[in-house]
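User: I would like to go through this structure by asking what stands behind each label. Please set every value against its definition.

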Amino acid sequence: MIRRFFSPSRCLQGVLMLGLMLGLTLPAAAQGRDDGSLYSRFGVGDLRAFSSSQAQAMGGGGTALWSFNYTNFSNPASWSRQVLVRASAGFRFDGLQVTDADDNSKNFTAGSFNAVQFGVPLKANRIGMGLTFEPYSRVNYRVQTLSQLVTDPTRLDTTIYQISYEGSGGLQQVRAGLGWRAAGPLSIGASLDFIFGIVEEGTRTTFASPDFTETNLATSTRMFGVTATTGAIYSKSNLFATTDELSVAASLTLPATLNGDRALTLGESLNRDTLGAQVEGDINLPMSLRFGVAYFLQNRWTFVADVRYEPWSQFESELSIPGYTPGTADTFRDRLRLSGGVEFLPAGPSFLESYFKRVAYRLGFYYDQAYVSPVAGTDINTIALTGGFSLPALLAGTRLDINFEVGARGTTDHNLVRDRFYGVSATLNVGERWFVKRKLN
Amino acid sequence: MLRTRYLLPVLGGLLMLGLAACDETTSNVGLGLVEEGAEPVVRELTPTVFEQLPFNDVTGAQPRVLAGRVIDPLVGTITTAGYFDFTTSFDTTKTEPFTSATLRLTLDYVYGDTTAPVTLNLHDIDEDWESLGRRADTTVTVGDMITSLTFEPTDTLVTVDLPEAWIAANNETLRSSLFSVDFHGLALEAVSSEAVVGFNFSGSALRLITEADTFDFDLTRTISNIRREGEPVVPEGRVLLQDGTGPNITLDFDLDGFDDKPLHGAILRVFADTASVKAASPNFVRPLVETVQLVQVTDAEDVFLIAETTLSDDGDYRFTDPRLSALLQQKFFGVDLFDHLELRLPVDDNTINFMLLYDAASGETAPEALLTISP
């Protein structure tokens with residue numbers, strides 16, 4: 001008698017519901033806020049990546065990382081090593097302090113969603129499927145200036161006005177694919193990645209005098225494209241010790257061509273007038289190449305190191321993009337991201353140890369040379385520390401991960417700004433065994 | 001142990017915390033990272049068209065009726081005739097015959113020489129006529145003269161006793177249930193006059209007296225016929241804006257180069273030559289135009305009020321209503337909601353007041369539009 005064939009528990013149902021809620025509502029909510037880094041104004045925005053809450057706490061890489069408790073989306077090859085059906089969803093809270101050369105500073109806070117992810121082992125530890133909906137980039141800034149305008153030179157009437165330069169939106173991606181453990185140590189995988197989203201840049205002008213009308217002139221760019229990611233992991237057990245394993249991995253995301261439609265609008269929300277004709281053009285995103293190493297020791301220690309390279313100098317766009325002017329020095333730079341991290345799980349695989357021994361403790365770092373360079377020759381680099389705790393739940397395979405991140409980005413040289421940021425995120429990871437026949441009624 | 005039933009509430013609480021943390025604070029830190037240049041600017045435009053436009057105002061069904069003639073050295077000779085009718089709420093069908101009839105007119109407007117008496121002829125109107133929407137060039141065929149009346153323009157109440165013969169001839173009609181159909185009203189035409197006067201509905205009536213009662217028949221419908229004899233002699237560099245017989249002023253601007261520009265505000269200002277208007281002999285009254293309207297006239301000649309304004313202490317009329325800005329913004333978007341703009345005077349004043357406005361070649365006193373746009 002099959003009693004539990006495809007019968008997700010209430011907990012997993014809850015995650016699915018939460019994921020649906022996050023997926024449907026938070027992107028919109030997040031895009032409506034304009035309180036992030038000014039560097040997100042450039043290019044297609046601040047690039048985001050969320051492969052798993054485990055990898056996030058270990059520097060954000062994890063190309064060679066696989067785990068019983070997580071589905072790792074940085075490399076589709078890792079989907080082959082799934083045992084439980086998994087769902088995860090989470091969100092993050094970000095705080096940001098922006099400082100300029102005159103030591104003026106301003107604080108911003110924002111909430112956004114991490115990702116909604118599903119992993120299904122079609123054949124345990126052999127073939128697995130992954131599906132994720134996650135941010136690809138985020139545009140999220142607002143800066144304003146206050147000034148005075150002589151509105152009537154004859155009468156010398158003046159009014160105070162404020163211009164607010166705002167950007168919001170970003171790209172999302174849906175990825176779906178398969179991982180296959182082709183031979184004992186070698187896993188390969190591939191995914192189809194749909195990238196889409198809307199980036200909106202606006203200039204809002206408001207006046208103190210009621211005789212003048214607030215205007216919001218916005219450029220809205222809708223983008224859509226498809227690309228693919230392929231990856232491989234080679235794992236070697238018992239290399240330096242009897243319970244260790246070394247994984248070496250690589251992953252490649254192909255260049256993507258996004259079809260862009262851009263409209264200039266004036267007005268608010270539904271009461272907008274479209275100015276001029278809609279402009280169409282292609283935006284070519286570069287490939288993304290990732291290399292990673294993971295070393296698992298005694299089922300307690302996990303070490304990862306990753307390199308990510310994206311040749312954004314090859315970026316091309318038929319639409320004007322902030323920070324990019326074709327044929328000039330005003331172009332993007334190649335992106336390089338280095339990260340590393342460590343996880344310590346005192347209890348190892350044991351379920352019988354005390355609670356705090358079954359909590360996983362993680363620490364990591366990353367260095368990110370941004371692809372944008374608002375001032376030619378000046379790199380915008382990010383250095384950050386990451387970390388987190390993974391709290392086990394009663395249900396085996398289910399964990400609540402609380403991660404943190406603190407770092408700095410940019411420089412105050414050349415009229416630029418330095419971002420000091422911190423983030424806290426919570427991600428619920430639920431794993432269950434599905435498609436299993438009970439042997440006893 | 002973290003129980004699974006606590007997971008979702010914990011996560012939900014953190015989610016709410018995250019969302020609640022979103023704030024609306026803004027900052028100018030990092031302004032150098034955005035491409036400035038969106039600062040609004042004020043563009044001053046002089047009209048390409050600022051001309052007199054022949055016009056006859058609506059004088060029908062207005063609360064004031066004009067009569068008299070005035071000779072003004074600036075705007076010429078203007079002759080007016082007033083037509084008015086009465087209504088009553090009394091049932092006079094069973095009353096005794098009227099023994100007395102007095103026309104009582106409240107005088108509330110004078111234009112012209114206030115020292116010369118005004119003599120008008122009072123006529124019957126023998127045929128039906130309409131007043132609603134009728135304009136200043138409307139004429140009504142009048143019947144026999146009833147009497148004439150002479151009064152001072154400075155009077156506030158003008159009364160004239162109607163002759164017994166008129167009472168006898170109209171006694172049946174005045175007491176008939178078909179009064180409103182059979183009686184067609186009275187007309188006042190100028191005979192000897194150096195001023196145009198206006199009689200207001202309020203307080204004006206045909207007072208009819210029987211042996212026992214007094215009845216006031218109130219004014220109901222009116223038309224003022226206004227005609228100008230000769231051409232106005234407007235000083236150079238001015239254009240005439242006059243109530244009643246016109247002209248209005250049509251204006252237009254060259255808006256090329258404003259396509260799709262965000263328009264924050266629009267001010268239209270025209271300068272008045274009040275000195276010339278005030279420069280009359282001591283007893284010659286020219287009421288100043290206090291209120292001027294800016295209207296849009298569509299291709300179908302429908303007229304919509306955009307804004308109205310009053311004469312400022314600086315001697316200009318200044319329109320700042322956001323509706324003007326909204327209208328021009330639509331024009332910037334290529335949506336023409338009007339054929340042309342006009343300056344005119346309020347219909348319900350029913351005067352012959354005028355103002356001289358400086359024309360587009362008047363330098364600093366030329367009319368102008370101040371458009372605040374984002375580049």
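User: What share of the 375 residues of chain B counts as buried?

Analyst: The share is 40% of the 375 residues of chain B, where a residue is buried if 20 or more other C-beta atoms lie within 10 Å of its own, exposed if 12 or fewer, and partly exposed in between, with C-beta atoms placed from the backbone. In chain A, buried residues make up 50% of the 441 residues. This is a predicted model, in which local features need pLDDT of at least 70 and side-chain atom pairs count only at pLDDT 80 or more, while totals for chains, interfaces and linings use all residues. Residues are numbered from 1 along each chain as its sequence is written, and chains are lettered from A and ligands numbered from 1 in the order in which they are written.

User: Why is chain A called as compact as a globular protein of its length?

Analyst: There are three helices and 20 strands in chain A, these being DSSP runs (helices H or I, at least four residues; strands E, at least two) numbered from the N terminus. The radius of gyration of chain A is 24 Å, close to the 22 Å that the globule rule gives for 441 residues, so chain A is as compact as a globular protein of that length. The radius is taken over C-alpha atoms, and the rule is 2.2 Å times the number of residues to the power 0.38. Along its principal axes the C-alpha trace of chain A spans about 90 × 45 × 40 Å.

User: What radius of gyration does chain B have, and what would a compact globule of 375 residues have?

Analyst: Chain B has 30 Å, whereas a compact globule of 375 residues would have a radius near 21 Å. The box filled by the C-alpha atoms of chain B, taken along the principal axes, is roughly 110 × 65 × 35 Å, and the secondary structure of this chain comes to five helices and 21 strands.

User: How is chain B divided into domains, and how many residues are in contact between them?

Analyst: The division, whose bounds come from an automatic or database domain assignment, gives domain 1 (41-55 + 247-373) and domain 2 (64-229) of chain B. The centres of domain 1 and domain 2 of chain B, taken over C-alpha atoms, are separated by 36 Å.

User: What makes strand 1 and strand 18 of chain B edge strands?

Analyst: They belong to an open sheet of four strands in chain B, with the order 1-21-14-18 and antiparallel pairing. Strand 1 (41-45) and strand 18 of chain B each pair on one side only, which is what puts them at the edge. Two strands pair if DSSP finds at least two bridges between them, and strand 14 of chain B is joined to strand 21 (residues 368-373) of chain B by six bridges. Within that pairing, R269(B) stands opposite E368(B) in strand 21 of chain B.

User: Which residues of helix 5 of chain B are buried, and what covers them?

Analyst: In helix 5 (residues 322-332) of chain B, the buried residues are L324(B), S325(B), L327(B), L328(B), Q329(B) and F332(B). Their cover includes strand 14 (263-271), strand 16 (291-297), strand 17 (303-310) and strand 18 (316-319) of chain B. Helix 5 of chain B is followed by G334(B), whose phi is positive, near 90 degrees.

User: What makes strand 12 of chain B mostly covered?

Analyst: Four of the five residues of strand 12 of chain B are buried. Strand 12 of chain B pairs with strand 20 of chain B in the antiparallel sense over five bridges, and R238(B) stands opposite Y358(B) in strand 20 of chain B.

Terms used. Two residues are in contact if their C-beta atoms, placed from the backbone, lie within 7 Å.
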